[in-house]
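Here is a short report for a reader new to this structure. Please look it over part by part.

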Amino acid sequence: MEPYGGGDGRVRWVTPEWLMDNMDEVKIVDCQPNIHDYIFEHIPGAVYLNEGLFREPRGMAPAMYIPEGTVELIFRQAGIEDLPTVVYTGPGEVRVWGDGLEQTMLA
């Protein structure tokens, strides 16, 4: 199972073809900006986690990342454990405003 691109990093790009060939070996996370976009259109088997779940206001900072232990609980609830995970987003048909940064923030 070799993802697209080389390097030793933990985050890698994959092609749609690679995903289709490896769907049984990965967890898939849809992080479109709006839950309705997930409801109307998502990859079968994908769980929905909006990147906003991972930020909270702290003092004067409106969007700090939540503590690591809390992230682990969210991932565990979503079934993201011990499997490579593919994170994707899109503009969606409902809101049509995703800019592609959602998957970067979640990854």
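## Nonpolar cores

The largest nonpolar core holds 10 residues: Val29, Cys31, Val47, Leu49, Phe54, Ile66, Val71, Ala78, Ile80 and Leu106. A nonpolar core is a set of buried Ala, Val, Leu, Ile, Met, Phe, Trp, Tyr and Cys residues joined through side-chain atoms within 4.5 Å. Buried means under 20% relative accessible area, exposed over 50%, partly exposed in between (1.4 Å probe, protein chains only). A second, separate core has 7 residues, including Trp18, Leu19, Ala46 and Val86.

Ile66 touches Leu53, Phe54, Arg55, Glu56, Arg58, Val71 and Ile74, leaving aside neighbours within four places in sequence. Contact means heavy atoms within 4.5 Å.

## How the model is read

This is a predicted model: local features need pLDDT of at least 70, side-chain atom pairs count only at pLDDT 80 or more, and totals for chains, interfaces and linings use all residues. Residues are numbered from 1 along each chain as its sequence is written, and side-chain values use heavy atoms, with hydrogens and water left out.

## The sheet

An open sheet of 3 strands runs in the order S2-S1-S5, with parallel pairing. Strands S2 (47–48) and S5 (85–88) stand at the edges, each with a single partner strand, so one side of each has no neighbour in the sheet. Strands are DSSP runs (E, at least two residues), as are helices (H or I, at least four), numbered from the N terminus. Pairing takes at least two DSSP bridges between two strands.

S1 (residues 27–30) pairs with S2 over 2 bridges. Val29 has Val47 in S2 as its bridge partner.

## A buried loop residue

Gln32 lies in the loop between S1 and helix H2 (35–40). Gln32 is buried, at 3% relative accessible area. Its contacts, beyond neighbours within four places in sequence, include Asp37, Tyr48, Tyr88 and Pro91.
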